[in-house]
Amino acid sequence: MEEKIAQIEKEYLSKIAEASTLEALDGLFLALLGRSGVITALPAGFRDLEAEELKRVGPAFNQTKKVLEKAIEERRQQVREAIYAKLADETLDLEAPIKERKGHMHPLTLFEQEIVKLFSKIGFQQFAAPQIDTDYYNFEVLNIPQGHPARDLWDTLYIDDKNPKPENGKLLMRTHTSNAQVRIMEEHKAPVRMMVLDRCFRYENLDARHEHTFDQFELVYVDRGLSMATLQYLSEYFLKSVLGEDTEVRMRPKYYPFVEPGVGIDGTCIFCKGSGCKVCGGLGWLELGGAGMIHPQVLKNGGIDPEEYQGIAWGPGLERILMLKHGIQDLRLFRNGDLKFLEQFR
Amino acid sequence: MKVSTDWLLQLVDLKCSVEELVELLPLRTIGTKEVTDRFIELDMKGYNRADLLSMRGVALEVAAITDSQLYTSEVYAQNLGDLPKLKVEVEDDQLTPLYCLAKIEGLKVGPSDPEWVTKLTDCGVRTVNTVADVTNLMMLEYGQPMHAFDAQTVTDETIIVRLAHQGEELETLDGKKRHLEPTDLLIADPSKPVGLAGVMGGKNSEITDQTTTILLEAAIFDPKALRKTGSRLGLTSEASKRFQHGLTKTRLLQALDAAIKMYQQLGGKLTALSIVGDTTDEIKKVELSLTKTNNLIGVTLSPEQVQQYLEKLHFELEHLDQDRFLVHVPYFRLDIEIEEDLIEEVARMYGYEKIPAKELPGQAPAAIDQKKFGVITDLKHKLVKAGLTEVQTYPYFSTAILTNFGWDKHPEALVKLANPISAETEYLRQNGWQNLIEVVDKNMRQGYEDIAVFEINKVYSPPAEEHYTLAVALMNGSDNPVAELYQILRGLNLDLTENKRAVNDFEAGFLHPNRALFYDYKGKQVGGVAEVHPRILDKFGIGKRVAIAEIDLRPFV
């Protein structure tokens, strides 16, 4: 048996040394270590050996296996380096036809474009705020000071900042699009109708229902004469358009420190249309967004007189609505680049 | 807050069924997390209604929204008697506005009555023993956390409430030795710390089976100081939650009184008592205008309706004039500060769901420049039309990218997170195309033989710069995918100028030595198209040629 092992080693080491392509090496790997490779087949013969002989054969077998594996890997690297060296002979040739392919837009982009179109019709315009922002814009100006219990609502990712500027507080990954609220008021005189659509980030462990990276959509609307009835209009306008005219919409009390009154937005369940089913937990309603009348202190922080103007902040959960609409079971599919998933959307 | 249904029904003569209450709660007050036949769990995360962290507070709210009567009166009959005082020293009355300590003798520690155990269990609290269970029951009923020290272990039966000294240590009830900071508020006796105020008691003063005399503490501490200590030590509890939401002196005295009565029922005797600090709650007064109320809600309510709604919630109203009330806020509503808070109370009592939709008032404001948003949308349309599929990837470089591209040797070039969720989210991506290599790999493993993907998203560089880039990756099975990708890019008509410079030393680490073409836009380099060096692809296990492109979109948006 020992001889047989030595024989295999010798024979294959020379074959490996002679191999000059990766394919040849793959073939040798299979011949040795594949399901019916010569190395793989060896231990079957060990059963008939004397205990004494086995003591010698075992280690020899392991040794040979290791030597051959290493030889293949090293040869592979040599072959690769030879291939890499040949790259120097290749030139930049830019002539080629473009293949016919069917392209696909990401479902979030499609949804966001639908939303932009919908709200442009009633005078809302897009606004961009930074993704890396200060504690000041993300929390302080929104009535969420340091040490406030409401900070528990946002598990925040902070930047490792070498030169922090204490006046703005720590740098962080924005936890919501609401970091745009006071910026909008600072940059534009009332009345304003703005919409913010962008990525937000949280300290969240990934699973089918939790994401650390997600998209938010938010309206910031400041004018004279706004009321919760205006807010109800916006909710109906959006949800009926996106989920169907027969969708009913209702408001519920909900707490966010930067609005008062605070509002949770429910729509009738898109599966059972309100009669109660598994998806809505028998309630007939689905929680689809958060909103409220902008807190007078936040308006003041943005330089707007709350005695003269009212504000509405309003935002549905984008991914949640898309998941409901398309029956998507796993939140992670939006950002893992899976073409099978993405090719369903046009 | 887990609200025991049985207990609630002992406090409120509920006019509707429990099922109806469960349906009404989210419409009038607060969402529910879980409902069983034993309890209704209120979703208190981040919520500001401190009063709903007690059975009595919930009972008041439930009575108001269901038009029911309370069985218990709200009047507090203080009957603590004329007793000797204990030695209590409060170092800072800002950090400890009220501190009460009662000495109770003649107790016998044992298992609690089954009725108590049921109440505790329904509210999600474990039974410990009679002495500890009293403090927990009172915390649940009144929202006031209490702590019992074994009197024998407290030197001279003297309590000092002070900040910790540098280097001081305390073994807490969970058996862990805690290194204290000078910002930690301590309960101490003259010789040692015996507890972390509002966070956790000390092991050295724990109630044991032999305890017969206790020092019962009921206090209000500065929530911010407690939150700081609690989060540093990773200690949160039912008690710390209540301290942080805020407590009232009235409820504290009610709870103390009720706890003493329960200890007396267990055979204990109150022999000394100290109350350090002011015991009256400030009654806030807030003006409310009927016109503003109706304008902000968008309905027309009569003054009588507004008054009735608020009175049900125990607000008291004075008429100032035709339009305005002066509203006295009940002591337990710490969340009410301004007129809008009162308007929310009116709105929810009326019913948010009854508010009708009204069209947007006023004119749409003048248009502002929206060019940058249009540029990105147009570009995406062109790319899809050219046959590419849009992907979105995370804003981070995975550990595979960090090592395979050698970023681990240049971490200073990347924006780093201070508290990453894992190594996969520690560094923000500096470019877009490298994440697409992972997308190519993933889909090749699924059997794709032709992959053309793009992403338009932000990339980041230190200290906190961010901008949009277009990244593209093409694997078309050929040995020269750059050619096709080049043709695709040309079709986008981005007005780019070709720059035939050679690949530099740094780029040579990950790009084909000859197959790279760089682009300028108005004289500035903005990106390029190139074949990825197979050495990199081999590390990912990609056996085909891959071309990539990246364009910095700053000049375009």
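Tutor: The expected span of a helix is 1.5 Å times one less than its number of residues. Please keep in mind that this is a predicted model.

Student: What span should helix α3 of chain B have at 1.5 Å a residue?

Tutor: Helix α3 of chain B covers residues 55-66, so its 12 residues should span 16 Å. Its end C-alpha atoms are 16 Å apart, which agrees.

Student: How many residues of α3(B) are buried?

Tutor: In α3(B), 12 of the 12 residues are buried, so the helix is largely enclosed by the rest of the structure. The buried residues include B:R56 and B:E61, along with B:V58, B:L60 and B:I65.

Student: What comes just after α3(B)?

Tutor: Just after α3(B) comes B:D67, which takes a positive phi of about 60°.

Student: Now the interface. How many residues of chain B are in contact with chain A?

Tutor: In chain B, 103 residues are in contact with 106 residues of chain A. The area buried between the two chains is about 8800 Å², and carbon and sulfur atoms give 57% of that area.

Student: Which three residues supply more than any other three of the area that chain B buries?

Tutor: They are B:L360, B:Q392 and B:Y394, which supply 8% of the area that chain B buries against chain A.

Student: And how many salt bridges are there across the interface?

Tutor: The rule finds 9 salt bridges between chain B and chain A. One of the salt bridges joins B:R545 to A:E90, with the closest N and O atoms 2.8 Å apart.

Note on methods
Residues numbered from 1 in each chain as written. Chains lettered and ligands numbered in written order. Predicted model: local features only at pLDDT ≥ 70, side-chain atom pairs only at ≥ 80, totals over all residues. Heavy atoms only, no water. Contact = heavy atoms within 4.5 Å. Buried area = accessible area lost by both parts, 1.4 Å probe. Salt bridge = Lys/Arg side-chain N within 4 Å of Asp/Glu carboxyl O. Helix = DSSP H or I, 4+ residues; strand = E, 2+ residues; numbered from the N terminus. Buried < 20%, exposed > 50% of the residue type's maximum accessible area, 1.4 Å probe, protein only.
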